[in-house]
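Dear colleague,

Please find below the sequence and the structure that I am handing over to you. My notes on them follow.

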Amino acid sequence: MKKTVISVVGKDKVGIIFQVCKYLAGNQINILDIAQTIVQDWFNMIMIVNIQDSQKDFATIASELKQIGEEIGVTITLQQEEIFDMMHRL
Amino acid sequence: MININEVMETNTMIREDNLDVRTITMGISLLDCISTSLKDTCDKVYDKITTSAKDLVRVGKDLETEYGIPIVNKRISLTPIAMVGSSCCKGSKDYVEIAKTLDAAAKEVGVNFIGGYSALVSKGMTPYDEMLIRSIPEALNVTEYVCSSVNVGSTKTGINMDAVKLLGEIIRETAELTADRDCIGPAKFVVFCNAPDDNPFMAGAFHGVTEADKIINVGVSGPGVVKRALEQVRGENFEVLCETIKKTAFKVTRVGQLVAKEASKRLGVPFGIIDLSLAPTPAIGDSVGEILEEIGLEYAGAPGTTAALALLNDQVKKGGVMASSYVGGLSGAFIPVSEDQRMIDAASCGALTLEKLEAMTCVCSVGLDMIAIPGDTKATTISGIIADEMAIGMVNQKTTAVRIIPAVGKKVGEVLEFGGLLGYAPIMKVNEYSCDAFINRGGRIPAPIHSFKN
């Protein structure tokens, strides 16, 4: 299974996780893992997800998540997990 | 499973430190396009390029979206055109027609540059090599995307001084023809010693005759990432410094390896090499000059610069080699003046001179790169500068290059403005003493002895 990483970075506020999860649930995207941390008031979250059951393709999901990010004032990016695996794992 | 700190580290490199893949370059052999008719050759060349590279830009963009990493350039390198036109070109004008065809093909597939308008004359020039060389000023004048290069020397053959002499004149003529566009012509032309067959970087990329029919070569980058990593080890000793550069180069190169393998798979074209080069851009925080400053120099060019660059270059290779299955191309730190803001600053304030840059090229790739010189510099002086740089490559068994731009109508202290990745270049002082008698001798410098190294 190809895993995909959603990262969310921005000023902390109420409802960030809710908004992202609402979108994922509505598009048949299963969350495999979540981690979050606050660094100097900045909210950082990564979600590892499986987008294979979604009707939408990678580019569409990436662009819709980006738009949700813009609406709630955070940066949301979608990336294939391989880029992190390659860089940090031998 | 991947953890949050690793994701944050990678994304900080991309967002804040300008980590990118500098280029995906598709090498295409045009040997099967050689024909006795010019029209037939041009048609075959156009068809082969536009068929082979039709998906190159789309695949590059898809990979950018999926991995979230910018892939700045998509390029094409070709079999040296001197060979491709050898049967059908009766004069330099015919070669210019091929150049126009390449330009049209590049435009059609949407790439940033197309390289390989080249001749390999390290030992001697055939009539068709000379025709191509003499066509370079007009070819670069009438095209937008075409890049050109000539290999005039190698460790095995010595230096073809007839070609060196001719190229001094050709560079001047190219600058004069493009004077109305800040002399952009010579910025797309490079003279080599020991030119590699698989270089993905422009202006010197060509697809060597030892290569497969098609190949994917990738050039990585990341000066900003190295600079950021070195900020964390200020004041530490050389062991810590070197380890930090090595580890960072490893991470940067792994991204290039991923992109190269995936591009190769999706395009159905074999993966060639990763070029491990720290390639700067004029953007703030994407500078090799800034790394040299972070290592401990007030400006690039200060005493210690050659040593600092030597260690930087070596560590980048040591880290990068482990990260990639095949390494090639130029592989090292680039020191183009106009494409690096801190190098521009160092040259402008007088810390960095042409002579110091020449010394620096002994320990890094690739050579005197993107340097503007006064417009009244004589052709023989340009040939002298080329000869010196070629000698460094020949004796040290490394690739060296010269991409030098005579700024027609301008003097030291003025600036040439190219825009985009090519940046802008302060005009640097050139030693004005004559080398006319040396350049006018003609012939070639013999290959150096490979023993008794001192």
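Predicted model: local features only at pLDDT ≥ 70, side-chain atom pairs only at ≥ 80, totals over all residues.

Two residues are said to be in contact if their C-beta atoms, placed from the backbone, lie within 7 Å. With that in mind, and leaving aside neighbours within four places in sequence, A175(B) is in contact with C183(B), G185(B), P186(B), I405(B), P406(B) and V408(B).

Residues are numbered from 1 along each chain as its sequence is written, and chains are lettered from A and ligands numbered from 1 in the order in which they are written. Helices (H or I, at least four residues) and strands (E, at least two) are DSSP runs, numbered from the N terminus.

The surroundings of A175(B)

A175(B) belongs to helix α7 (residues 161–177) of chain B. A residue is called buried if 20 or more other C-beta atoms lie within 10 Å of its own, exposed if 12 or fewer, and partly exposed in between, with C-beta atoms placed from the backbone. A175(B) counts as buried because it has 30 C-beta neighbours inside 10 Å. A175(B) and G375(B) are 200 residues apart in sequence, yet their C-alpha atoms are 8.7 Å apart in space.

C183(B), one of the contacts of A175(B), sits in the loop between α7 and β6 of chain B. D182(B) is placed in that loop between α7 and β6 as well. Most residues other than glycine have a negative phi, and most peptide bonds are trans. D182(B), however, has a positive phi near 50°, and the phi of C183(B) is also positive, at about 55°. D182(B) is buried, since 22 other C-beta atoms lie within 10 Å; C183(B) is buried too, with 25 such atoms.

A cis peptide bond is found between M202(B) and A203(B), where omega is about 15°. A203(B) lies in the loop between β6 (189–193) and β7 (214–220) of chain B.

The contact between the chains

How many residues does the contact take from chain A and from chain B? Chain A gives 22 residues and chain B gives 19 residues. On the side of chain A that touches chain B, at least two residues each are supplied by β1 (4–11), β2 (30–39), β3 (42–50), α2 (58–72), β4 (74–80) and α3 (82–88) of chain A. The largest share of that side, 7 residues, comes from α3(A). For residue classes, Ala, Val, Leu, Ile, Met, Phe, Trp, Tyr, Cys and Pro count as nonpolar, Asp, Glu, Lys and Arg as charged, and the others, Gly among them, as polar. By these classes, the side of chain A that touches chain B has 11 nonpolar, 7 polar and 4 charged residues.

Helix pairs in chain B

Axes are lines fitted to C-alpha atoms, for helices over the stretch in contact, and angles run from 0 to 180 degrees between N-to-C directions. Helix α10 (residues 288–295) and helix α12 (residues 341–348) of chain B pack at about 75°, with their axes 5 Å apart. This makes α10(B) roughly perpendicular to α12(B), a term used for angles of 65 to 115 degrees. G289(B), E290(B) and E293(B) of α10(B) make the contact with R342(B), M343(B) and A346(B) of α12(B). By class, this contact of α10(B) with α12(B) has 2 nonpolar, 1 polar and 3 charged residues.

In a second pair, helix α8 (residues 223–231) and helix α9 (residues 238–267) of chain B have axes that come within 9 Å and cross at roughly 145°. V225(B), V226(B), A229(B) and L230(B) of α8(B) meet T244(B), I245(B), T248(B) and V252(B) of α9(B). The contact of α8(B) with α9(B) has 6 nonpolar, 2 polar and no charged residues.

Two further residues

E355(B), in helix α13 (residues 354–360) of chain B, is partly exposed, with 13 other C-beta atoms within 10 Å. A25(A), in helix α1 (residues 16–26) of chain A, counts as exposed, with 11 C-beta neighbours inside 10 Å.

With kind regards

Notes. Parallel < 35°, antiparallel > 145°, perpendicular 65-115°, else oblique.
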